[in-house]
Amino acid sequence: MSDLGEMERIYAYARGQMRLGGNPNQWKNDGPPKESVIKDIENGNSYVIEEGGRICGVFSFIIGDDPTYAVIESGGWLNDEPYGTIHRIASDGTCRGVFSRCLDFCTQLIANIRIDTHADNRIMHHLLRKHGFERCGIIYIADGSERTAYQKVLR
């Protein structure tokens with residue numbers, strides 16, 4: 001919980017970068033919700049990435065079924081094996097490779113990773129393809145908005 005202020009700073013920076021990059025709707029209204037971030041911390045699912053003794057990235061990683069992934073349209077998941085889901089990943093722009101570092105950590109815990117992103121988040125779509133994720137279809141998050149779903153299975 002002591003890192004919450006830094007995490008909020010990083011999310012604010014990421015929201016600004018998304019808007020500048022043509023993605024104004026993914027974390028509108030000051031998302032991700034502070035309640036979700038606190039819940040991640042309380043449940044032991046929140047992680048920070050540090051460089052030079054300071055936090056420069058944040059993400060949530062949850063192993064287990066994600067209710068928003070129960071229904072997928074315009075495609076399908078690569079498998080039905082146990083998986084982990086990356087949520088709420090963000091960087092403050094001061095260090096490189098935040099997504100790679102996150103993925104390295106997550107794949108040490110489980111070999112089956114899922115993630116979703118807004119259709120307008122071109123940077124995340126690029127990173128996912130670059131790191132070998134396959135587009136699986138469309139899912140809908142709790143507020144009913146659409147997200148593009150991806151999965152990576154280490155072989």
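**Entry: Arg-15.** I began with Arg-15, which I found in helix 1. The model I am working from is a predicted one, so everything below was computed from its atoms. Is Arg-15 buried or exposed? Its relative accessibility comes to 12%, and Arg-15 therefore counts as buried. I also looked up its separation from Gly-31, which is 16 residues apart from Arg-15 along the chain. The C-alpha atoms of the two are 7.8 Å apart.

**Entry: aromatic pairs, helix 1 side.** Next I asked how many aromatic pairs the structure holds, and the count is 7. One of them joins Tyr-11 and Trp-27, with 5.3 Å from centre to centre and 85° between the planes, an edge-to-face arrangement. Tyr-11 belongs to helix 1 (residues 4–20), while Trp-27 sits in the loop between helix 1 and helix 2 (34–42), so this pair ties together parts that are 16 residues apart in sequence. I checked the cover on both partners. Tyr-11 has a relative accessible area of 5% and is buried. Trp-27 is buried as well, at 12% relative accessibility.

**Entry: Phe-59 and Phe-105.** Then I turned to another ring pair. How are the planes of Phe-59 and Phe-105 arranged? They stand at 65° with the ring centres 6.1 Å apart, and since planes over 60 degrees apart count as edge-to-face, the pair takes that label. It links distant parts of the chain, 46 residues apart: Phe-59 is in strand 2 and Phe-105 in helix 3 (residues 98–109). Phe-59 is buried, at 3% relative accessibility. Phe-105, with a relative accessible area of 30%, is partly exposed. I noted too that ring pairs join Tyr-47, Phe-59 and Phe-105 into a cluster.

**Entry: a nonpolar patch.** Phe-105 came up again when I looked at the surface. Together with Ile-63 and Leu-109, Phe-105 forms a nonpolar patch there, and the three have about 260 Å² of accessible area together. Ile-63 is a residue of strand 2 (residues 54–63). Its relative accessibility is 46%, so Ile-63 counts as partly exposed.

**Entry: strand 2 and its partners.** With strand 2 on the page already, I looked up how covered it is. It is mostly covered, with 7 of its 10 residues buried. Which strands pair with it? Glu-51 has Arg-54 of strand 2 as its bridge partner. The hairpin of strand 1 and strand 2 has 2 residues between the strands, and Gly-52 there takes a positive phi near 60°. Strand 3 (residues 84–91) is also antiparallel to strand 2, again with 6 bridges. Here I picked out Phe-61, which stands opposite Ile-86 in strand 3.

**Entry: positive phi away from glycine.** Most residues other than glycine have a negative phi, so I looked for exceptions. Ser-74 is one of them, with a positive phi of about 55°. Ser-74 is located in the loop between strand 2 and strand 3. At 62% relative accessibility, Ser-74 counts as exposed. Arg-88 is not a glycine either, and its phi is positive at about 55°. Arg-88 is part of strand 3.

**Entry: Arg-114 over two rings.** Which rings does the charged end of Arg-114 sit over? One is the ring of Trp-77, at 4.0 Å from its centre. Another is the ring of Tyr-83, at 3.9 Å from its centre.

**Entry: strands 5 and 6.** Strand 5 (residues 134–140) and strand 6 (residues 146–153) run antiparallel, joined by 6 bridges. Tyr-140 stands opposite Glu-146 in strand 6. In this hairpin there are 5 residues between the strands, and Gly-144 has a positive phi near 90°.

**Entry: His-131.** Last, I looked up His-131, which lies in the loop between helix 4 (122–130) and strand 5. Its relative accessible area is 15%, so His-131 is buried. Asp-65 is 66 residues apart from His-131 along the chain, and their C-alpha atoms are separated by 22 Å.

Key. Residues are numbered from 1 along each chain as its sequence is written. This is a predicted model: local features need pLDDT of at least 70, side-chain atom pairs count only at pLDDT 80 or more; totals for chains, interfaces and linings use all residues. Side-chain values use heavy atoms; hydrogens and water are left out. Patches are made of residues with over 30% relative accessible area and no salt bridge: like charges are joined within 9 Å, nonpolar side chains (Val, Leu, Ile, Met, Phe, Trp, Tyr) within 5 Å. Accessible areas come from the Shrake-Rupley method with a 1.4 Å probe; for residues, only the protein chains shown count as cover. A salt bridge is a side-chain nitrogen of Lys or Arg within 4 Å of a carboxyl oxygen of Asp or Glu. Helices (H or I, at least four residues) and strands (E, at least two) are DSSP runs, numbered from the N terminus. Buried means under 20% relative accessible area, exposed over 50%, partly exposed in between (1.4 Å probe, protein chains only). Rings of Phe, Tyr and Trp (its six-membered ring) pair if their centres lie within 6.5 Å; planes under 30 degrees apart count as stacked, over 60 as edge-to-face and the rest as tilted. A charge sits over a ring if NZ of Lys or CZ of Arg is within 6 Å of the ring centre and within 35 degrees of the ring normal. Two strands pair if DSSP finds at least two bridges between them.
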